[in-house]
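My entries follow the structure.

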Amino acid sequence: MTQAKPRYLETLHQAWGQSFVMDEVLFEAKTEHQHLVIFQNAQWGRVMALDGMIQTTERDEFIYHEMLTHVPMFTHPEPKSVLIIGGGDGGILREVLKHSSVTSVTQVEIDAQVVEMCKTYFPKHSDGAFDDARLNLVIGDGVAFVNDTDLSFDVIISDSTDPVGPGEVLFTSRFYTGIKRCLNSGGVFVAQNGVSFLQTDEVLTSEQRLSPLFEKVGFYSAAVPTYVGGIMTFAWASQDLKPNGLDLNSLQARYQQAGFKTRYYNPGLHQACFALPQYLLDAL
Ligand code: SAM
C-alpha cells in the first residue's frame, strides 16, 4: 500500500485551518528569526510558510503582490522613492520596479535566509528584481529602520507576516509613528492587514493606531485564495491622498501610460476594492 504523503497544516487559526499535501519538502530550517518551510504542492506549485502561516504560493502570488503595490503606486502622481518593509520573497519588489517613475527602492527585510531561499526556490517571484540597480536591500528590523532612517519615501509598503513573532512590531503605534516621520508630503503607506472576517480585531487595531497619526485612513481588499477565510484586507494611511481618491478615467490613463501588463489589478478593480463589507464598516 503506498504511503500517504505528509500534509502541511496551517496553524494561523487555533480551531480551523487549511492543509496542503507536501509532494516534496524543498527546504526547511529554523532561521535566526522564524521557522521556514518551502514545499511543492500539486494545486499551488511551490509554497512557503513561516511559523505555521502560509506566506506565498507560485500560483496565486500575483493577486496579493499586484494589489498591495499598484493601488498606492497608481494613486501617487509620480512615485520615485519607495520603501518596502518585509517582502522577503521579492514579489512586491518585482511589481514596484515595473513603475518607470521609480528611481530608488529601499527594502528592509529581517530575515536574510528568506531572501536567499526565495531567490533559489521562487525565482519568478523576484524575477531578477533583487539585482536591480535601484534597490538598496537592508537586512534588519522594519520598526527600527523607520524610526532611525534619514531617508524619506513617496510610497511605503509593509509586506509583513501576521502580527505573530517578528511581524508583531509592524502593527504597533511605534512602527506607524516611524512611518509618519519618513513618509514624504503627498506620500502614502499601505500594509497587509489580515483576513478581515477572521482577523477583524487586527483591522480595528490598525485603524485605532493609524487614525491619530494620519489624516486619511482606510482599507481595501482582494480575494487571495490561499489567505483563507475571506477577503484579504489592506490598510491605507496618508496625510494627503484619500483612499480611492482618483476617478476611473485618471486611473485608466495612468495604467495605460505605465505600459505593463497585470493579471489581477486593473483600474476598475482599483475602484471597487475600497468598497468594504457591511460587517467591517459596522465594526470600524
Ligand atoms: N504576503 C505575506 C503575508 O501577507 O503574510 C507576507 C510575505 S513576506 C514573506 C513577509 C516577510 O516579513 C518575511 O520575509 C519576514 O521575514 C518579514 N518580516 C517579519 N517581521 C519583520 C520585521 N520586524 N522587519 C522586517 N521584516 C519582517
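These are my notes, starting with the ground rules.

**Ground rules.** The model is predicted, so I took local features only at pLDDT of at least 70 and side-chain atom pairs only at pLDDT 80 or more, while totals for chains, interfaces and linings use all residues. Residues are numbered from 1 along each chain as its sequence is written, and side-chain values use heavy atoms, with hydrogens and water left out.

**Entry 1: ligand shell.** The ligand is surrounded by 28 residues. Gln34, Glu109, Gly142, Pro166 and Tyr227 are the closest. I sorted the shell by class: Ala, Val, Leu, Ile, Met, Phe, Trp, Tyr, Cys and Pro are nonpolar, Asp, Glu, Lys and Arg are charged, and the others, Gly among them, are polar. The shell has eleven nonpolar, eleven polar and six charged residues.

Entry 2: Which residues place polar atoms by the ligand's nitrogen atoms? I used pairs of N or O atoms within 3.5 Å; within protein, one must be able to donate a hydrogen and the other to accept it, and residues adjacent in sequence count only if both atoms are side-chain atoms. Asp141 has a polar side-chain atom 3.1 Å from a ligand nitrogen. Pro166 has a polar backbone atom 3.0 Å from a ligand nitrogen. For a polar backbone atom of Gly167, the distance to a ligand nitrogen is 3.3 Å. On its own the ligand has 600 Å² of accessible area (Shrake-Rupley method, 1.4 Å probe), and the protein covers 99% of that 600 Å².

**Entry 3: cavity.** I searched a 1 Å grid over the protein atoms alone for cavities, sets of points where a 1.4 Å probe fits but cannot get out; lining residues have an atom within 4 Å of a point. I found one cavity of 30 Å³ or more. The largest cavity has a volume of about 450 Å³. Its lining numbers 38 residues, with Gln55, Asp159, Ser160, Thr161 and Asp162 nearest its centre. That lining has 16 nonpolar, 16 polar and six charged residues. The ligand sits in this largest cavity, by the test that more than half of its atoms lie within 2 Å of the grid points.

**Entry 4: pocket.** A pocket is an open set with protein on both sides within 12 Å along at least five of seven lines. The largest pocket has a volume of about 230 Å³. It is lined by 14 residues, and His99, Ser101, Arg254, Gln257 and Ala258 are the closest to its centre. I count six nonpolar, five polar and three charged residues in this lining.

**Entry 5: helix α8.** Helices are DSSP runs (H or I, at least four residues) numbered from the N terminus. Helix α8 covers residues 248–258. At its start, a side-chain oxygen of Asp247 comes within 3.0 Å of the backbone nitrogen of Asn249. Gly259 follows α8, with a positive phi near 75°. Back at the largest pocket, α8 gives the largest share of the lining, three residues.

Conventions:
Near = heavy atom within 4 Å. Points joined across faces, edges and corners; volume = space filled by probe spheres on them. Helix = DSSP H or I, 4+ residues; strand = E, 2+ residues; numbered from the N terminus.
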